[in-house]
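Subject: Handing over a structure, with notes

Dear colleague,

Please look at the chain itself before you go through them.

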Amino acid sequence: MSMAATAEVLQDYERLEYIPRVVNIAEMPEDRLVRARAERFIRGVGKSALKTVDIEPVQEVESSPQINSLHEAIHGAAWGDENARNLVTKNVYTDVVERIYKKGNITKTDLNINEDGEIVQFGQSMQSVYENSLIYASATPKIRQRSEAEARNGFRLQQAIQQDVLDDHYFVVISRCADDMTESELKENGFFADSKTTVIQATTKDQDGLAMASAFVAGVRSTGQERHDGVTIEAMADELGVDYGGKSSVQIIDEPLLIHKSLMPNGVADLVKLYDKHAGGTFFGEDRPVQDYQEYEKYCQSREDNLAPTVNSIVNQLIVEAADIQSPIDAVKRVNELSGQTLVRHAIKVDKTIDPMVFGEISAVHINEAREYAAHGHHELARDAENLAQNTQKSSSCASALEKANSSNSIASNTIGGEGSLGTEKDEAGLAASSNIRCINCRKNVKKAEVVKKDCWECPSCQHKVDICTGKVLVAGKK
């Protein structure tokens with residue numbers, strides 16, 4: 001049965017009660033063709049990486065509807081591109097929220113569908129997100145397997161959109177904390193090792209395009225206890241009529257579900273509730289008093305909104321430093337550094353409900369000291385403790401092998417079908433790319449040294465001028 005036919009039948013579930021309202025997409029006949037298209041894409045990304053990533057540094061970008069990376073978005077924002085700034089802001093928001101709320105949280109993202117039917121967010125296509133993940137953040141075989149499964153899901157989601165399935169269904173992906181790594185490997189690769197977090201992601205169509213919600217649920221009832229996420233997910237899937245028995249975390253990612261909206265009237269929160277039911281009465285997977293899920297979801301949104309000043313300060317700093325951010329890896333590393341340092345300050349001075357342990361054991365000690373000193377008016381001691389906390393913090397957002405890859409300067413040979421390199425570090429590749437910057441207005445390559453002023457970027461060719469902090473156009477250049 002084709003996906004379109006399945007959707008048509010599923011929509012008649014009220015009349016034909018024996019028709020399942022949950023479908024394992026990987027078991028649908030046409031999924032073989034979707035997987036084949038995805039595999040061609042994955043192989044193509046591997047070949048592209050071999051040819052370009054370690055030979056040609058990523059060049060400065062011109063203004064266009066398509067933004068291919070955070071690096072490009074930062075440079076576009078520095079030239080005053082509002083769309084690019086929005087993309088940088090969303091990336092930073094995601095990074096910040098995932099660092100400090102590793103469990104017990106729901107985040108939402110709005111996506112658009114362009115005229116070609118592609119999924120985009122502020123000018124960046126989802127396909128470029130998967131491509132960047134495969135090239136820059138999948139340097140170990142275990143992470144690579146997850147990235148490839150996520151790329152296949154991107155093609156499946158695209159197919160579901162084309163077949164109009166998401167008008168009445170959610171596209172659901174359950175991403176468990178890796179079950180094939182040691183504790184140290186989990187930490188090295190950016191997983192939430194203490195909480196063994198599972199992410200339940202549900203995407204559907206709404207009036208504005210696509211709405212994606214991600215729920216972060218713990219895989220242990222409390223830190224140090226035995227994991228329950230495996231049996232919990234198998235049990236909740238069984239209630240939905242899906243067999244996940246004995247399947248690995250990667251296999252479950254690779255078997256997304258179509259769930260009729262009648263089973264999820266409250267969205268992803270209903271799946272969290274189902275997860276808690278099969279975890280033995282937890283709340284978001286933990287031993288916590290159960291709350292109203294819809295009210296808690298509103299609380300999560302409010303908590304995220306309160307991070308706006310912190311996020312904006314990070315975005316502004318990225319824009320100020322744009323000229324020195326010369327590659328996609330530079331961009332991700334700088335966000336990582338700024339987020340960690342800024343959030344330590346936020347946890348000390350603004351939101352003391354943030355668990356200091358998300359920054360690592362050593363940093364947590366200094367955060368608690370800084371809070372205590374500040375509470376008693378010992379401001380110098382508080383500043384010293386804050387500096388120590390920032391220098392020792394080891395927070396992380398989503399899982400990837402970026403840091404390991406960057407330190408070794410190589411991609412494992414079996415991850416892309418041959419030997420390859422992730423690229424030289426900033427001292428080499430950055431210098432090669434730093435001589436020119438492409439003006440967003442006249443599209444000409446102009447010398448970086450002539451563009452970057454103390455308070456602005458100004459094109460020497462067309463005199464297009466923007467404020468270096470806000471990206472506001474000060475002088476509209478000649479075309």
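In what order do the 8 strands of the open sheet follow one another? The order is E1-E8-E5-E6-E7-E2-E3-E4, and the pairing is antiparallel. Strand E1 (22-24) and strand E4 (124-125) stand at the edges with a single partner strand each, so one side of each has no neighbour in the sheet. Strands here are DSSP runs of type E with at least two residues, helices are runs of type H or I with at least four, and both are numbered from the N terminus; two strands pair if DSSP finds at least two bridges between them.

Before going further, please note that this is a predicted model, in which local features need pLDDT of at least 70 and side-chain atom pairs count only at pLDDT 80 or more, while totals for chains, interfaces and linings use all residues. Residues are numbered from 1 along each chain as its sequence is written, and side-chain values use heavy atoms, with hydrogens and water left out.

The chain as a whole

The protein chain has 18 helices and 13 strands. Of its 479 residues, 53% count as buried, where buried means under 20% relative accessible area, exposed means over 50%, and partly exposed lies in between (1.4 Å probe, protein chains only). Among contacts (heavy atoms within 4.5 Å) between residues at least 6 apart in sequence, 65% join residues at least 24 apart. The chain exposes about 21,700 Å², of which carbon and sulfur atoms supply 48%; accessible areas come from the Shrake-Rupley method with a 1.4 Å probe, and for residues only the protein chains shown count as cover.

Inside the sheet

Strand E5 (residues 169-175) and strand E6 (residues 198-206) run antiparallel and are joined by 5 bridges, with Val-173 having Gln-201 in E6 as its bridge partner. E6 is in turn joined to E7 by 9 bridges, again in an antiparallel arrangement, and a hairpin connects E6 to E7 through 2 residues. Within this pairing, the bridge partner of Ile-200 is Ala-215 in E7. Because 8 of the 9 residues of E7 are buried, that strand is largely enclosed by the rest of the structure.

Strand E7 (residues 209-217) also pairs with strand E2 (residues 105-113), which runs antiparallel to it over 7 bridges, and there Lys-108 has Ala-213 as its bridge partner. E2 pairs as well with strand E3 (residues 119-121), in the antiparallel sense over 2 bridges, with Asn-112 opposite Val-120 in E3. The hairpin of E2 and E3 has 5 residues between the strands, and in it Gly-117 takes a positive phi near 80°.

Two buried polar residues

His-169 is found in strand E5 and is buried, with a relative accessible area of 0%. A polar atom of the His-169 side chain lies 3.0 Å from the backbone oxygen of Val-165.

Asp-95 belongs to helix H4 (residues 82-100) and, at 11% relative accessibility, counts as buried. Its side chain makes a polar contact (2.8 Å) with the side chain of Ser-339, a polar contact being a pair of N or O atoms within 3.5 Å, of which, within protein, one must be able to donate a hydrogen and the other to accept it, while residues adjacent in sequence count only if both atoms are side-chain atoms. Leaving aside residues up to four places away in sequence, Asp-95 touches Val-335, Ser-339 and Ser-397.

Aromatic rings

The whole structure holds 8 aromatic pairs; rings of Phe, Tyr and Trp (its six-membered ring) pair if their centres lie within 6.5 Å, and planes under 30 degrees apart count as stacked, over 60 as edge-to-face and the rest as tilted. Phe-283 and Tyr-296 have ring centres 5.1 Å apart and planes at 85°, so this pair is edge-to-face. The pair links distant parts of the chain, 13 residues apart, with Phe-283 in the loop between helix H10 (268-278) and helix H11 (293-305) and Tyr-296 in helix H11. Phe-283 counts as buried at 0% relative accessibility, and Tyr-296 counts as buried at 4%. The rings of Phe-284 and Tyr-296 have centres 5.0 Å apart and planes at 50°, so that pair is tilted. Ring pairs link Phe-283, Phe-284, Tyr-293, Tyr-296 and Tyr-299 into a cluster.

With best regards
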